[in-house]
Amino acid sequence: MKIIELLKDEKPCISCELFPPKAGSELQNALKIVDEISVVKPHFMSVTYGAGGTSAGQTVAIAKAVEEHGIPALAHLTCIDATEEKIDAMLQNFRASGIQNVLALRGDAVTSGVKEFAHASDLMKKIAATGDFCIGGACYPEGHPEAGSLDKDIENTKKKIDAGCQFLVTQMCFDNNILYNYMYRLLRNGIDVPVVAGIMPVTNARQINRICELSGTKLPPHYRAIVERFADDPQALMQAGIAYALGQIIDLIANGFKNIHVYTMNKPEIIRGIKNNLSEIAK
Ligand code: FAD
């Protein structure tokens, strides 16, 4: 199924993200996580690519397993070390595995110097030319760290849409006012594709500081206080992180922002906690 159909439907769409295990480690564990998450029936599951040194083959294997559970998979694909031939082979692999949705990205990893695709929009053009896939892209409510300005960031996001990107998934954001403001800016600039809000329940205090630093995402002071208070109590932080994310999600849905992507950090209990508490709200 093409994810764009779910995003355009009037009902809320609650999805989640998985990342493959590091190269060389067990795929079996990742497939077990897919089994566990499938039980709570997210509307789709995205599977990251290359991030943190994971291999492309694992992305395909996991996305294929997601599809076999009857859940649409969104396979990520990056420009890192990508050549025309490699992308053709990867897309063929996607087709053969029943994968119809691709999140096309530039990626961040250090490369061997191959730069056939400089930006996500270049990759999107290539994928769009096949006519086979529903294409999504990343967007940045607080601006991409390299964009230079928020206006430039939007200008570059527009290039993705012009290249065939049909929907956007936001970088994680902990402040709904930033998301609402961003939506106005997108619309003012003629970008009216569905936007999926990326929500991350914070469950690891040390990790979140690093993630915020790298991505340029701000942790609001009141959330920082919660994270610091429960930093040494993982179970309490898990509860607090899920509760904060639920507050954000309910507010978003109430205000018409109905497509939500949960960054689950491969912890099934996170998406379970979110979905169970939305059973009446997101039906
Ligand atoms: P681009 O759109 O190429 O943008 C990169 C920078 O270049 C931006 O500053 C942009 O403003 C600028 N730019 C864009 N187009 C142009 C242009 N034509 N001329 C000049 N400047 C331009 N990384 C992974 O490695 N694997 C993943 O699976 C992965 N999944 C992600 C999922 C989401 C939802 C998000 C938000 C990010 C993900 N990332 C992943 C990280 C992502 O690769 C980085 O954020 C990366 O720095 C930018 O990717 P992009 O696709 O937005 O790139």
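Visitor: How are helix 2 and helix 3 oriented to each other, roughly parallel or roughly perpendicular?
Guide: This is a predicted model, and in it helix 2 and helix 3 are roughly parallel to each other. Helix 2 covers residues 27-38 and helix 3 covers residues 56-68; they pack at an angle of about 30°. Angles under 35 degrees count as roughly parallel, so that is where this pair falls.

Visitor: And how far apart are their axes?
Guide: The axes of helix 2 and helix 3 are 10 Å apart.

Visitor: Left-handed or right-handed crossing for helix 2 and helix 3?
Guide: Right-handed.

Visitor: Okay, what about helix 10 and helix 11, at what angle do they pack?
Guide: About 45°, with the axes 10 Å apart; helix 10 is residues 234-254 and helix 11 is residues 268-276. That angle makes helix 10 oblique to helix 11. Their crossing is right-handed.

Visitor: Let's switch to the ligand. Which residues come nearest?
Guide: There are 23 residues around the ligand, and the nearest are Tyr49, His76, Asp108, Tyr140 and His144.

Visitor: What does His76 do there, in terms of polar atoms?
Guide: One polar side-chain atom of His76 sits 2.8 Å from an oxygen atom of the ligand.

Visitor: Which backbone atoms lie by a ligand oxygen?
Guide: Arg106 has a backbone N or O atom 2.9 Å from an oxygen atom of the ligand. For Ala147, a backbone N or O atom is 3.2 Å from a ligand oxygen atom.

Visitor: How much of the ligand does the protein bury?
Guide: The protein buries 85% of the 970 Å² that the ligand exposes when taken alone.

Visitor: Nice. Which helix gives the most to the shell?
Guide: Helix 6, with 3 residues. Strand 3 (73-78), strand 4 (101-105) and helix 6 (150-162) each supply at least two residues of the shell around the ligand.

Visitor: How do the shell residues divide into nonpolar, polar and charged?
Guide: The shell has 10 nonpolar, 8 polar and 5 charged residues.

Key: Residues numbered from 1 in each chain as written. Predicted model: local features only at pLDDT ≥ 70, side-chain atom pairs only at ≥ 80, totals over all residues. Heavy atoms only, no water. Near = heavy atom within 4 Å. Polar contact = N/O pair within 3.5 Å; in protein donor to acceptor, adjacent residues only side chain to side chain. Areas by Shrake-Rupley, 256 points an atom, 1.4 Å probe, with all protein chains shown as cover. Helix = DSSP H or I, 4+ residues; strand = E, 2+ residues; numbered from the N terminus. Nonpolar A, V, L, I, M, F, W, Y, C, P; charged D, E, K, R; others polar. Axes fitted to C-alpha atoms, helices over the stretch in contact; angles between N-to-C directions. Parallel < 35°, antiparallel > 145°, perpendicular 65-115°, else oblique. Left-handed = near helix turned anticlockwise from the far one by under 90°.
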